[in-house]
Amino acid sequence: MVMNSQMTGEFLGSFMLAFAVEMIITPNCIYFGEGSDTASNPLLNGEADYLGTVGIAAALTCVTYCFWKVSGSHLNPAISLASAMCQRMSYVDAGMYMAAQMMGSLFGAMSALGVFGHACNLEPSPAFANKVPQVLATEMFLTAMLVLVFLCVSSKVESVKDNEYYGLAMGFTFLSVAYGGGWISGAVCNPALALAMDLSSAGVGFGWCFPYAFAAFVGAGVAAVLFPKIHADEFEARVVAAKADRCWAEGVGSFFLVFAMGLNWVNPSTQTTGLAIGAALIGLVKALAPVSGGHFNPAVSVAVFFGDRKRWSQQGQLLLNYVVCQGAGGAAGALAYSWIAGQSLPDSKKFTVGPPDYQIPGIGDEFKFGWLQYSAVEGIFTMVLCFVTLCVLTTEQLDSESSFTEMHGLAIGMAQTAGFYAGQ
């Protein structure tokens, strides 16, 4: 049965999060809308100070740490629903959590409205105003990613319980989610927050909170279905993750990584792409590395295979399974993001493989990047990513669920970010 302290924790955490969200985005709405009540969420137009998204992710991180030991820091009805579906709590308790989250979020949004006298309207971006399926698919997939990371880092299995990286995993995952989907739907991914934002801006327009909430709950259901396939050890006694669990982890992780990378790659703001891609990798590695090692990349799997020949020489079939699952998951993620965003992009933002079609100012009109330079940069930074992975994921313990410690995901994600900004 839910205790008063848990309800209070969910209420206060949701209040703090919603208040931080509105306090960060509303000034941009006022500025870019010249103080008009009809100002739209600036994240939708690529106009806002994108460091504000870092502020929201930071707020989620610290609030998660604050109330983790009290209520589990759900702060999101989608997470509470998924927790009930995974038999971590009863549906009655989940309903009580949702009520506290909605009340807290509403108080937070209304408090920010009282400060500014204005609120950002909840709506898709103008480019997607007539593309409701794509908007809802964005909310659904990104919510599923966020909820799955929560379920994994909050698992009670021996390899994960009592970890200290849960707040960082949630914060970095949200950072990638917000940058990737913010320019499409706003990337709310939280039914309580959607309701609060819609009610606080009811004078401008009202109604999008309902389809947004529906998409988020569907995403929660997707995460709840995937979680037992990845962490079957939470539902049955097991010492080491089975091959099926590992393959599911690699396939699902590759899907969400490529999906998030794709949406961030085509984001109209190019300044945040590397940070967002690294953040996605950090969150997914922290969530799934205790099961599979968190490779999500055939190059990494091959490096691990040859870097630990003594242990892996008898597991060539596992390497093949990893590569197939990563390829299938990555291809599905690419199809998903291209269906959502591909038709709305100018040719300059569509993803292509090969040397970039631009010149460096000041070097000379005759200089252009060729395949040699392109291949060298890709090869060197792939080597860096693989080397960092081998260094932080001790190869002698890759078959043990205890091989993943607190900061491994941070090192791997930062290697990805460094490679992106150096080679973009």
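Visitor: What makes Lys131 count as lying over the face of Phe128?

Guide: Keep in mind that this is a predicted model. Lys131 is 5.7 Å from the ring centre of Phe128, and the cut-off is within 6 Å, together with a limit of 35 degrees from the ring normal. Lys131 is listed as lying over the face of that ring, so it meets the definition.

Visitor: Moving on to ring pairs, how many aromatic pairs are there?

Guide: The count comes to 14 aromatic pairs. One of them is Phe15 with Phe19, 6.0 Å centre to centre and with 5° between the planes.

Visitor: Why is the pair of Phe15 and Phe19 called stacked?

Guide: Centres have to lie within 6.5 Å, and planes under 30 degrees apart count as stacked. With 6.0 Å and 5°, Phe15 and Phe19 therefore qualify as stacked.

Visitor: Where do Phe15 and Phe19 sit?

Guide: Both are in helix 1 (residues 4-32), four residues apart, about one turn of the helix.

Visitor: And what makes Phe206 and Phe210 edge-to-face?

Guide: Phe206 and Phe210 are 5.7 Å apart, centre to centre, with 85° between the planes.

Visitor: Why is Phe210 called exposed, and why is Phe206 called partly exposed?

Guide: Exposed means over 50% relative accessible area. Phe210 has 52%, so it counts as exposed. Phe206 has 45%, so it falls in the partly exposed range.

Visitor: Which residues do ring pairs link into a cluster?

Guide: That would be Tyr65, Trp68, Phe150 and Tyr166.

Technical notes. Residues numbered from 1 in each chain as written. Predicted model: local features only at pLDDT ≥ 70, side-chain atom pairs only at ≥ 80, totals over all residues. Heavy atoms only, no water. Phe/Tyr/Trp six-rings, centres within 6.5 Å; stacked < 30°, edge-to-face > 60°. Helix = DSSP H or I, 4+ residues; strand = E, 2+ residues; numbered from the N terminus. Buried < 20%, exposed > 50% of the residue type's maximum accessible area, 1.4 Å probe, protein only.
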